[in-house]
Amino acid sequence: AVVLQGTIEISAEGRETRRVSAGDVYHNPRGIVHEGRNVGDTPARVAITFVVDKGKPITQSVAK
């Protein structure tokens, strides 16, 4: 993913929480439960490419 605008915080299981801002890129491996949230003062925009198996859903909900 590439952050186009703003700043987001990425939390992923087994990893330290990190902040990424406009121009930064990040990757979450398949199967890692993760969450992103806007932590800036402006709207955040992110362009994301998903690599999925044909016929499978892009996302899967998990219990917190």
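**Exercise 1.** Which residue in E4 is the bridge partner of Ala 12?

*Solution.* Some ground rules before we dig in. This is a predicted model, where local features need pLDDT of at least 70 and side-chain atom pairs count only at pLDDT 80 or more, while totals for chains, interfaces and linings use all residues. Residues are numbered from 1 along each chain as its sequence is written, and side-chain values use heavy atoms, with hydrogens and water left out.

Step 1: find the strands, which are DSSP runs (E, at least two residues) numbered from the N terminus. E2 covers 7–12 and E4 covers 34–38.

Step 2: look across from Ala 12, and you land on His 34 in E4.

**Exercise 2.** Work out the order of the strands in the open sheet.

*Solution.* Step 1: recall that strands of a sheet pair through backbone hydrogen bonds, either parallel or antiparallel. Here, two strands pair if DSSP finds at least two bridges between them.

Step 1: take E2 with E3 (residues 18–21), an antiparallel pair with 4 bridges. Thr 7 sits opposite Ser 21 in E3. The hairpin of these two has 5 residues between the strands, and Gly 14 there has a positive phi near 80 degrees.

Step 2: now take E2 with E4, antiparallel and joined by 5 bridges. Ile 8 faces Asn 38 in E4.

Step 3: E3 and E4 are the edge strands, each pairing on one side only.

**Exercise 3.** Is Asn 28 buried or exposed?

*Solution.* Step 1: locate Asn 28 in the loop between E3 and E4.

Step 1: check the cut-offs (buried is under 20% relative accessible area, exposed over 50%, partly exposed in between, with a 1.4 Å probe and protein chains only). Asn 28 has 16% relative accessibility, so it counts as buried.

Step 2: list its contacts (heavy atoms within 4.5 Å). Leaving aside neighbours within four places in sequence, Asn 28 touches Ile 10, Ala 12, Arg 15, Arg 18 and His 34.

**Exercise 4.** Describe what lines the largest pocket.

*Solution.* Step 1: know the term. A pocket is an open set of points on a 1 Å grid over the protein atoms alone, where a 1.4 Å probe fits, with protein on both sides within 12 Å along at least five of seven lines; lining residues have an atom within 4 Å of a point.

Step 1: count the lining, which has 31 residues, with Gly 31, Ile 32, His 34, Phe 50 and Ile 58 nearest the centre.

Step 2: E2 gives the largest share, 4 residues.
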